[in-house]
Amino acid sequence: MWNILLKISKNLVLAIPSMMVLGFIFGLYSKTAILKNLIVPFTFLMVYPMMVTLKIKKVLEGGDTKAQILTQAINFLIIPFIAFGIGKIFFSDKPYMALGLLLAALVPTSGMTISWTGFAKGNIEAAVKMTVIGLTLGSLATPFYVQFLMGAHVEVEIINVMKQIAFIVFLPMTTGYITQQLLIKKFGQKGFQERWAPRFPSLSTLGVLGIVFIAIALKARSIANSPQLLLYIFLPLLLLYAINFLLSTFIGKALLPRGDAIALVYGTVMRNLSIALAIAINAFGIAGSDAALVIAIAYIIQVQSAAWYVRFTDKVF
């Protein structure tokens, strides 16, 4: 079973579109009301496993302060406002889709930040710190960014959003850390790293696929009535990722050594779409399915672009 899950995790480029197709078919021919009861368990399944392998203690180590400051400056002072601007242009009449674009830009870094940094032979330790810091700051800042930038266009109950983030991020983070410590105590650090740590991300993949299925199923009839909607969503996402890659690459090359620069690119371009998707579908009700659709499509672009960037890393740096 673990081998099957690992294969799925390594082939998200195929798995996510396949699940989108299945969700679309289900949404067309079946009642989707039952799916709402599955949102909470799939949300927890999506986020909790990532937290078990999170190396929180790495944040306390120094040596790459400049890279960390630049990364979070890009993540919170530049990219959210670029996403907001693109959303205003492309989704002027669809505020919840603009919200989806903003949410995708507000929660930076995921486990894939560390993985892709490793594939590209960058500074993995810096990537770990970027992941923990970016995830924490993004979770705390998201309600305020959404209220400030989108409050006039979508119904934002900031207390409710904060409660959802506490449930989606900090509860799994706490339980994940407790699980990590219990496993280390029982199997030792080496046993945990070699036997258990590689398994948890694949469990998270099941949660991602489940939430993607639900998000597409809820919007299936709208997509069927307006098939051009997918292209309509794809273009602004592609523009956002292209700007992000170019900006981060330029800043990294100009100001940082190679390893830190690669970590900065993946620490800013890779968004925690799992948490963004969970926020969209949990905190904004049925209207949030528009936002969730945007984030679901972002998975395809993010995975593909990250893989291609690895191929060109040696030429870029």
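Predicted model: local features only at pLDDT ≥ 70, side-chain atom pairs only at ≥ 80, totals over all residues.
User: OK. How many salt bridges are there in the whole structure?

Analyst: A search of the whole structure finds two. One of them joins Lys129 and Asp64. The other is formed by the side chains of Arg258 and Asp314.

User: Start with Lys129 and Asp64. How far apart are the closest N and O atoms?

Analyst: The closest N and O atoms of Lys129 and Asp64 are 2.8 Å apart. Lys129 lies in helix H7, while Asp64 lies in the loop between helix H3 (39-52) and H4, so the pair ties together parts that are 65 residues apart in sequence.

User: Is Lys129 buried or exposed?

Analyst: Lys129 counts as buried, because its relative accessibility is 3% and the cut-off for buried is under 20%.

User: And Asp64, buried or exposed?

Analyst: Asp64 is buried, with a relative accessible area of 8%.

User: Now the other bridge. What is the N to O distance between Arg258 and Asp314?

Analyst: The distance is 2.9 Å, N to O, between the side chains of Arg258 and Asp314. Arg258 lies in helix H11 (residues 258-269) and Asp314 in helix H13 (residues 288-316), so this bridge ties together parts that are 56 residues apart in sequence.

User: You mentioned H11 and H13. At what angle do they pack?

Analyst: H11 and H13 pack at an angle of about 165°, and their axes are 11 Å apart. That makes H11 roughly antiparallel to H13. Their crossing is right-handed.

User: Why does an angle and a distance get quoted for two packed helices?

Analyst: Two packed helices are described by the angle between their axes and by the distance between the axes.

User: What about H4 and H7, how do they cross?

Analyst: The axes of helix H4 (residues 65-90) and helix H7 (residues 124-150) come within 10 Å and cross at roughly 30°. H4 and H7 are therefore roughly parallel to each other. The crossing of H4 and H7 is right-handed.

User: Different topic. Which residues form a nonpolar patch on the surface?

Analyst: Leu231, Phe234, Leu235 and Leu238 form that patch. Together these residues have about 350 Å² of accessible area.

User: Where is Leu238?

Analyst: Leu238 is in helix H10 (residues 229-255). Leu238 is partly exposed, with a relative accessible area of 40%.

User: Which residue has a phi near 60°?

Analyst: Lys121 does, and that is a positive value in a residue other than glycine. Lys121 is found in the loop between helix H6 (111-119) and H7. At 64% relative accessibility, Lys121 counts as exposed.

User: What about Ile114 in H6, how accessible is it?

Analyst: Ile114 lies in helix H6. Ile114 counts as partly exposed, at 25% relative accessibility. The C-alpha atoms of Ile114 and Pro80 are separated by 22 Å, and these two residues are 34 residues apart along the chain.

User: Where is Val169, and is it buried or exposed?

Analyst: Val169 lies in helix H8 (residues 158-196). At 0% relative accessibility, Val169 counts as buried.

User: How far is Val169 from Tyr48?

Analyst: Their C-alpha atoms are separated by 8.2 Å, while Val169 and Tyr48 are 121 residues apart along the chain.

User: And Val265 with Leu182?

Analyst: Val265 and Leu182 are 83 residues apart along the chain, and their C-alpha atoms are separated by 34 Å. Val265 is in helix H11. Val265 is buried, with a relative accessible area of 0%.

User: Last one. Where is Ala105?

Analyst: Ala105 lies in helix H5 (residues 95-106). At 1% relative accessibility, Ala105 counts as buried. Ala105 and Phe81 are 24 residues apart in sequence and 8.8 Å apart in space, C-alpha to C-alpha.

Technical notes:
Residues numbered from 1 in each chain as written. Heavy atoms only, no water. Patch = residues over 30% accessible without salt bridge, like charges linked within 9 Å, V, L, I, M, F, W, Y side chains within 5 Å. Areas by Shrake-Rupley, 256 points an atom, 1.4 Å probe, with all protein chains shown as cover. Salt bridge = Lys/Arg side-chain N within 4 Å of Asp/Glu carboxyl O. Helix = DSSP H or I, 4+ residues; strand = E, 2+ residues; numbered from the N terminus. Buried < 20%, exposed > 50% of the residue type's maximum accessible area, 1.4 Å probe, protein only. Axes fitted to C-alpha atoms, helices over the stretch in contact; angles between N-to-C directions. Parallel < 35°, antiparallel > 145°, perpendicular 65-115°, else oblique. Left-handed = near helix turned anticlockwise from the far one by under 90°.
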